[in-house]
Structures are given as C-alpha cells and as structure tokens.
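Here is a brief report on one structure. Sequence and model come first, then the details.

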Amino acid sequence: MSGTETLGEAPPAGGPPPALPGAGTWTLSRAGIATVARLELRQRVRSTRWIIVLALWGLVLIGLAALIHHAVFAGTGSSVVTEGTDGWDPTGRAGAQMYGWVVVLVLVLGSLVAPALSATSINGDRSAGVLATLQATLLSPAEIALGKLLAAWVTALALLAVASPALLWAVLSGGTPAGRLVVTVALLAVVLLLECAIGLGWSAVTARTASSAVLTYLSVAFLGLGLPMLFGLLLSVAQRSETVTERVMLPVPNAAAPAEGQAPPLHCVSTTTTETVTHYEWIAWLLVPNPLVVIADASPPPRYRGGMAYDDVLTGLRSGVRTLRLGPAPRDSCYEVDATGTPRFAEDDGRSAERERLGAVWPYGLATELAIGAAFTVITVRRLRAPVRTLARGTRVA
Amino acid sequence: MTGITVAGVRRTFGDVVAVDAMDLEVPAGQVTALVGPNGSGKTTLLLILATLLTPDTGTVRVAGYDPVTQPREVRRRTGWMPDAFGTWETLTCREVLATVADAYRLPRPAAAARISELLALVHLADLAERPTQVLSRGQKQRLGLARALIHSPEVLLLDEPASGLDPRSRIELRGVVRGLARAGAAVLISSHVLAELDELADRAVIVARGRTVAVESLEPGRDTPRPWRLRALDDARLLAGLDALGRVHGGPGPDGVEVEIRSDADAAELLAALVRDGVPMVALHPASGVLEHAYLALTQDALTEDRR
C-alpha cells in the first residue's frame, strides 16, 4: 500500500518523545494542563448550544435584576426628593440593597449551573472510552485533573462574565464602592472553582454519571443550605441551664421620698436566675464555610451618605454572623448618673472589643473552602493514577 | 530494541481470574499475534502492557522498562490501540491526532507533518477536517491506529485492530503493520480473525483461560503435519492417483479431497507426483490456516469447557 514505505522508517526516524524531568503523579507542566483544558473546552463549545445557554442565563439574570431594582427602588420615590436636606442618600441605600440581592442571585444560579460543568467529566470520559487513551500518554494524572478543572472553571467564569451586566447595573444604581465589587466578584469566582472541584472529585470517585451528579449537587447544597439548616437545628442542642446574672436599676429601698418632680433615686441591683441559655456561639462556626457568608463577610461595606444602618442583605449577614460568634449578650441595663443628672452607660460592655478581637470570619471560611476544593482535587488526581491496582466496582479501564 | 517480555503474569479482579499465568515474548522486528477465545485475558494483558493495570504477580518488560515502576518510559515508547474505540466525537480527525501529539509533547511543527503523514497512511486525509462522529466504525478504527502511531512507538499494542474493517482496510492494515515490524518495531496484535493473522503475524501466542497455551511459529515451510485440500477435474482419477502413491486421504467432498501432508516440501512432492501421473490437478492448498489449525487443536478443551 502507498504509505507503508514512508511509515516503515517511522520508529528510528522519530525516536521516542523527549524525556521529561520528574515523571510522577504530580508532575505539572503548563503545556500538559493546556492540552487537556483545550480538549475539554473545544468539546464543550461544540457539543453544547452554549450561545443559547449563555444568552438565556444573561436574560434571566437581567430580568431578575430588573425585579430586584423595582422592589428596592419602589419605596424611594418620595424620599429622593428630600435627598440632600438631611444628608441622607436613599438612592445609595437602595443601590446597596439591590447589589446585595443581585450577588445572592448570581451565587444561587451559579451554584445551580457550575456543578454540572464537571460532575460527569471523568466517569463520563471513562464510559465513553476516551479517558484511558489520555492516561496512556505522557500526561500526568495531575495535568489531566487540573486541565479538566481549569476548563470547567473557565466555563463557569463565562457565566460570571455574562452576569456582569446585572452586577454593573446594581453598582451604577449607587452605594457600592469599587472595592466591594472587586471582592465579591473575586469570591464568586472562587466559589465557582470550589464547586467545579467538588464535581470533578465525585466524577472521579463514582462509576456512574448519575451518582456523581447527585453527590455533587448534594455537596454544594450542603455548603449553601445544609450548614445553615444544621445550625438552626442544633440550636436546640446547644443549650445549657445556667445561672444568669442580670443587672438592672431599681429604686433604692427605704429611700426618702423624692422631691416634687424628681425621679426616685435608683441604684444598680444584680439578680441571678437559673434559666436555659442557647449558646449559639458554640455552633456559629457551622455558618462560616457557607459561600454566601464568606462573600458577605469579606466584602467591604457599601458607602452612601448617612449610611450607618447598613441594611442590605450582605452587610446584614456579615454583622449577624459576627455577632453570633459572641454568644448571648450580658444583661446589663445599669448606668451611672453624673452631676448634671444625665445617665451614663458603661463606655463599653466589652462586646465590641471582643468582636474586634475575634475579627472577620471570612478567612476561616475561605480557608475551609479552599481546603475542601484541594481535598477533592487530590482525590481526583489519585483516582487518575495508572497503572491501577484496584478498580472500582462496575468500572473498566478502557 | 527489546520488545516485550512477560513472565508468569497473573491478574485478578476480585475473585475473577482474568490472567492466570501468561508468558510471552514479543521480539522487535516481528509481529506477534495474541490469539484466544473471548474472556481468555487478552485485553487485560494488553492493559497491563499499556501501563493501565498492574499485574498481581509476574514480571513485565516493555521496551526494556517495567510498566509499573517506570510507566512514563514505557508510554514514551509504546503505542496502544484499545478495542473500545472511544473518540472525542466533536473533534476533527486532525484535531484528535494533534491533541494526542500534544499529550506526547511532540514539537508542534514536527507533529503537524507527522499528522498529515499518518492521515494519508490510514486513508483519512479527505476526512481530516470532519468531526470524528461522522466516521464509520472502520474509519474510527483506522483513526485509532493513527493515534497509536503518532509518537513513532517502538512497541505497538493493537487490540482487535481488524474488527469493523472492510476487506480492503484489512489488507492495508496488514501492510502498515508489516511495514512497522520491518522497520524494527515490536508488534503485539490480538485478533479473532485467524486466517488474517496467518499472513500478518510471524508468531502466534495462543492463550486460553488466562494461560499461555502454546507459541506457534507461522514461518512458511515448516514441518507441521496438517490437512490439505486437493482438487482435480476428475475426482476418481485423483483418488486413484493418491491410492497409487499410498497417501492417506478422505472421501471426495464438495471442496475436494483432504490429504494429510507433513510439510511444504511434502506438498510440492505430492503435487509433482500427481501431475506426473496425469491427474488433472486444479488446486492444492492447506485445508485451514496454520494458525487456525493449531488454535482449534489447542483451545478445544478450553472452548468446550467455556461453552458448557
């Protein structure tokens, strides 16, 4: 046949591919990761109607953002007129509220889509008979895993990019400084990466694509919904009967009757009672790895004139979680009366100092999320090692 | 170049023994056929050689390296064509080969030339820019062969490469494989098409129930007695001629008369004698392929047990 003679020279002429330094499971090269990522993305772009998916996704987000815009701005119509008279900026407040809800929306919808991007990546390839042909090449298990993860993440970031009009609309509505936008978007990207890593891990562990899809969604739902629900359920367990000291101002007994028009003299009295106290600070850490909590806690607060009582969903969550960590507040309503008769409360009940000392919660949450993602990635790489000694039930090598 | 050496390899999956005790030599420059009934452990052995499975016991060397401890050295030198011909459906033939070339870290310009060369070799050049999902089964098999050859391996593992191929493609496959062996590659090819292997392989390793049963040389002109089939214009004169020469033979059948012949030289002698005696000879050929004959004899026990 025609080509035989040219091919006949092949083995000596070509020789083996160049030797590469470091030849283990964890060998990483940019070229190797890029090879796998390019392969994955090319297939994804061609096998899905991605333009339609992205367009639908963008339209849904813009539509919902419009509803949010309407909801938060509906009540500001009359106040806008008064803007400037008292330094109060209702537009900024509404903008900050809108931004908060749009971030929640992007996170929730993104968490519905992102896991699907990787949840059948490895077991799907395995059953299609195309995984082993990659494993038999010079690509290391780590390169295959990270290439697939990168491809899934890039796709997720495309979703985030298409969500940017909705986010920008909220930013332009006011109240959101640039730093807030940057931090939330960066953390949304990290959360999507985590969800892709979870999906990839399950797809490497399970033989059937249906199983890995279910397990991935359960894992993502556990972080997003399960942990807060667990927190709520455990509140009834985190209770203890203890003696509670309460300090209140009571009239001084047996005091001389006050002069006309004067309040009776009061003094501070400590009373102790035994009651059931819920120590939510014991279980508040359950909320910390929640993606929304991490985003809310890490994002710099909104900024608008008169904006002290930040009441957007993110800031609310942020102060809520930070307060939960402190535990029940001491019950102290005592005050001193100075010479002029003005009551003076203790400068600091120690709680804000304590809150300051505990600081932000997002570093712990983010670290936990990164650790979870890393663990799933390590599992993925280990599952891609070849030659294999043991095969999972119901799986074939090729 | 050292080819493949397999000694005492055993591989089980749970309590299923896929490979029980296999021994195998695949010398460089030769085509070795791996023949055996379904479930005899051929694919498992090829997966071990392709660095995808570890053997439980035994020693394996592929191109001089241990696939368990030095898989990358083996992979650099080994082309593997699996029997399940999964392919990236949406990629074009050229992109599939380019991806595999990248995976073997071939330098881009050299890879591009190599890809064009291979596409021409497996007659897919006109389909190079078409997605692989439009390929027929046989075309996918040919693409699979090109994929296995991309890095010019010195050891080639082909698992059922002929399945799904039309007669012309089979003949071309034979040409490709023989060409590679001539250039010094060690080729191990598993197949069910025994007649095909006769012309393709130099040696055959027959396995059954996970064990190496026999190693047959398929060199022509050997001295293995086997039945040949003789045809003449006149059956009666042929039978008379054979009787006159004192040859043991069967009765006349639709395909001629079967005669036990010891070797190629014996066949030539017999033909000359018959022609000399005036028998109008039409044909004289082995009743079955060398391999088929050996295979049927050797796997009889295993087959009957399997089918029970």
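Helices (H or I, at least four residues) and strands (E, at least two) are DSSP runs, numbered from the N terminus.

This is a predicted model, in which local features need pLDDT of at least 70, side-chain atom pairs count only at pLDDT 80 or more, and totals for chains, interfaces and linings use all residues. Residues are numbered from 1 along each chain as its sequence is written, chains are lettered from A and ligands numbered from 1 in the order in which they are written, and side-chain values use heavy atoms, with hydrogens and water left out.

**Chain B**

H5(B) is largely enclosed by the rest of the structure, because 11 of its 13 residues are buried. Buried means under 20% relative accessible area, exposed over 50%, and partly exposed in between (1.4 Å probe, protein chains only). The buried residues of H5(B) include B:Lys140, B:Arg142 and B:Arg147. B:Leu143, B:Leu145 and B:Leu149 are also among them.

Chain B as a whole has 10 helices and 12 strands. Of its 308 residues, 56% count as buried. The C-alpha trace spans about 70 × 45 × 35 Å along its principal axes. Chain B exposes about 12400 Å², and carbon and sulfur atoms supply 52% of that area. Accessible areas come from the Shrake-Rupley method with a 1.4 Å probe; for residues, only the protein chains shown count as cover.

Chain B is divided into domain 1 (4-217) and domain 2 (226-290). These bounds come from an automatic or database domain assignment. The two domain centres, taken over C-alpha atoms, are separated by 40 Å.

**Cysteines**

The structure holds 1 disulfide over all chains. A disulfide is a pair of cysteine sulfur atoms within 2.5 Å. A:Cys268 and A:Cys334 form it, with their sulfur atoms 1.8 Å apart. A:Cys268 lies in strand E2 (residues 266-278) of chain A, and A:Cys334 in the loop between strand E3 (331-332) and strand E4 (335-337) of chain A, so the pair ties together parts 66 residues apart in sequence. The torsion about the S-S bond is about 85°, so the disulfide is right-handed.

| Residue | Relative accessibility | Class |
|---|---|---|
| A:Cys268 | 33% | partly exposed |
| A:Cys334 | 7% | buried |
| A:Cys196 | 0% | buried |
| B:Cys93 | 0% | buried |

**A sheet in chain A**

An open sheet of 3 strands in chain A has the order E2-E1-E3, with mixed pairing. E2 and E3 of chain A stand at the edges with a single partner strand each, so one side of each is left without a neighbour in the sheet. Strand E1 (residues 239-251) of chain A pairs with E3(A) in the parallel sense over 2 bridges. Pairing requires that DSSP find at least two bridges between the strands. A:Arg247 has A:Asp332 in E3(A) as its bridge partner.

**A:Trp202**

A:Trp202 is found in helix H11 (residues 178-205) of chain A. A:Trp202 is partly exposed, with a relative accessible area of 22%. Not counting residues up to four places away in sequence, A:Trp202 touches A:Ser212, A:Leu215, A:Thr216, A:Ser219 and A:Phe376. Contact means heavy atoms within 4.5 Å.
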